[in-house]
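Please look at the structure first.

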Amino acid sequence: MLPQLHETQRAFDSVAADYDGPSGNNALIQRFRARMRSAVLEAAPSGSKWLDLGCGTGLDAEFFAQQGYQVVAIDWSPAMAARTIRRLAEAGLTSRVEVRQLGAHELGQLPSDSFDGVYSDLGPLNCTPRLAEVAGQLARVMRPGGKLVVSVIGRLCPWELAFFAARGRWRRATARLTQDFVPVPLNGQTVWTRYYSPREFEAVFSAAGFRRVWLRSLGLLVPPPYLSAFAERHPRLIDQLQAIDDRCAGWPVLNQWGDHFLLEMLRP
Ligand SMILES: C[S@@+](CC[C@H](N)C(=O)[O-])C[C@H]1O[C@@H](n2cnc3c(N)ncnc32)[C@H](O)[C@@H]1O
């Protein structure tokens with residue numbers, strides 16, 4: 001087991017109690033989340049069975065269970081998985097969601113051909129070593145015709161480049177350009193994070209047999225979630241930027257930029 005996996009696990013354990021607040025679910029994050037949810041709702045009908053990879057505190061699992069989906073929600077962090085279990089119990093949705101403390105590197109424990117789709121919201125796959133193996137396992141656990149809907153932290157974030165370059169913080173501005181896992185601070189701990197361009201990420205999943213349905217950026221002009229204080233001061237501007245994002249975020253070239261990207265792929 002890589003020591004980085006344990007550091008990342010400890011970091012997320014340490015924030016699980018507060019993660020539904022400003023750090024993990026502020027208004028900018030909710031914009032990203034809403035678009036991922038719409039993508040899943042359009043990808044497969046209510047009643048279908050989905051794997052939530054890196055479920056965090058279970059916000060999405062609860063949402064999809066309320067919409068009538070069956071969900072298996074997994075997370076590498078025991079504290080996050082425990083939050084999800086509690087959330088689902090309080091909502092009376094335990095019959096629709098099975099929660100397991102399981103890392104993406106442990107997908108071998110799940111049965112083959114068991115999901116109509118897999119979603120992974122807001123970057124769990126950025127924390128996953130050996131992405132090619134994970135892609136192969138996801139292909140195995142999905143039924144033919146299954147959909148993969150993932151939101152992943154991208155490499156080229158216009159706001160981040162401009163914001164930190166304008167302050168002369170070049171290393172911070174270009175941190176995402178590193179080709180390897182980099183230590184990202186969270187609550188005084190470390191999340192080992194690998195940034196991907198959509199092209200790099202897609203190539204890994206294409207090699208595992210997936211085919212792209214569509215790709216769009218999230219946070220092309222809308223600022224990244226850590227600039228939520230700025231967004232709160234300029235709500236009209238953010239709405240205008242969001243409208244432009246929603247119109248242009250799928251265009252070629254532009255879909256390679258953004259704080260995150262949202263990708264739907266098909267397992268033929
Ligand atoms: C940024 S949070 C997103 C959580 C959730 N998907 C959401 O939308 O709120 C990333 C989540 O990925 C989980 N994670 C990190 N590394 C993981 C791994 N190797 N396997 C599974 N989950 C992982 C973390 O514990 C954390 O809950």
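The dialogue below takes these features in turn.

Q: What kind of model is this, and how are residues numbered?

A: This is a predicted model in which local features need pLDDT of at least 70 and side-chain atom pairs count only at pLDDT 80 or more, while totals for chains, interfaces and linings use all residues. Residues are numbered from 1 along each chain as its sequence is written, and side-chain values use heavy atoms, with hydrogens and water left out.

Q: How many salt bridges are there by the rule used here?

A: Side chains of opposite charge can pair when their charged atoms come close. The rule asks for a side-chain nitrogen of Lys or Arg within 4 Å of a carboxyl oxygen of Asp or Glu. By this rule the count is 17 salt bridges.

Q: Which residue forms a salt bridge with Asp20, and where do the two lie?

A: The partner is Arg83, with the closest N and O atoms 2.6 Å apart. Arg83 belongs to helix α5 (residues 78-90) and Asp20 to the loop between α1 (3-15) and α2 (22-25), so the pair ties together parts that are 63 residues apart in sequence. Helices here are DSSP runs of H or I with at least four residues, strands are runs of E with at least two, and both are numbered from the N terminus.

Q: Is Arg83 buried or exposed?

A: Buried means under 20% relative accessible area, exposed over 50%, and partly exposed in between (1.4 Å probe, protein chains only). Arg83 is buried, with a relative accessible area of 15%, whereas Asp20 is partly exposed at 26%.

Q: Which parts of the chain do Arg37 and Asp60 tie together?

A: Their side chains meet in a salt bridge, 2.8 Å from N to O. Arg37 lies in helix α3 and Asp60 in helix α4 (residues 59-66), so the pair ties together parts that are 23 residues apart in sequence. Arg37 is buried at a relative accessible area of 18%, and Asp60 also counts as buried, at 4%. Elsewhere, salt bridges that share partners join Asp20, Glu62, Arg83 and Arg87 into one network.

Q: Which residues of α5 are buried, and what covers them?

A: The buried residues in α5 are Met80, Ala81, Arg83, Thr84, Arg87 and Leu88. They cover an arc of only 155° around the axis, which puts them on the same side of α5; the arc is that of the directions from the helix axis to the C-beta atoms. What covers the buried residues of α5 includes α1, α4, β2 (70-75) and β3 (97-101).

Q: How many residues surround the ligand, and which are the closest?

A: There are 20 residues around the ligand, and the closest are Arg33, Gly54, Asp75, Ala104 and Asp121. A residue counts if one of its heavy atoms lies within 4 Å. An N or O atom in the side chain of Arg33 is 2.8 Å from an oxygen atom of the ligand. For Asp75, a polar side-chain atom lies 2.6 Å from a ligand oxygen atom. A polar backbone atom of Asp121 is 2.8 Å from a nitrogen atom of the ligand.

Q: Where is Glu160, and is Glu160 buried or exposed?

A: Glu160 is found in helix α7 (residues 158-165), and at 3% relative accessibility Glu160 counts as buried.

Key. Contact means heavy atoms within 4.5 Å. A polar contact is a pair of N or O atoms within 3.5 Å; within protein, one must be able to donate a hydrogen and the other to accept it, and residues adjacent in sequence count only if both atoms are side-chain atoms.
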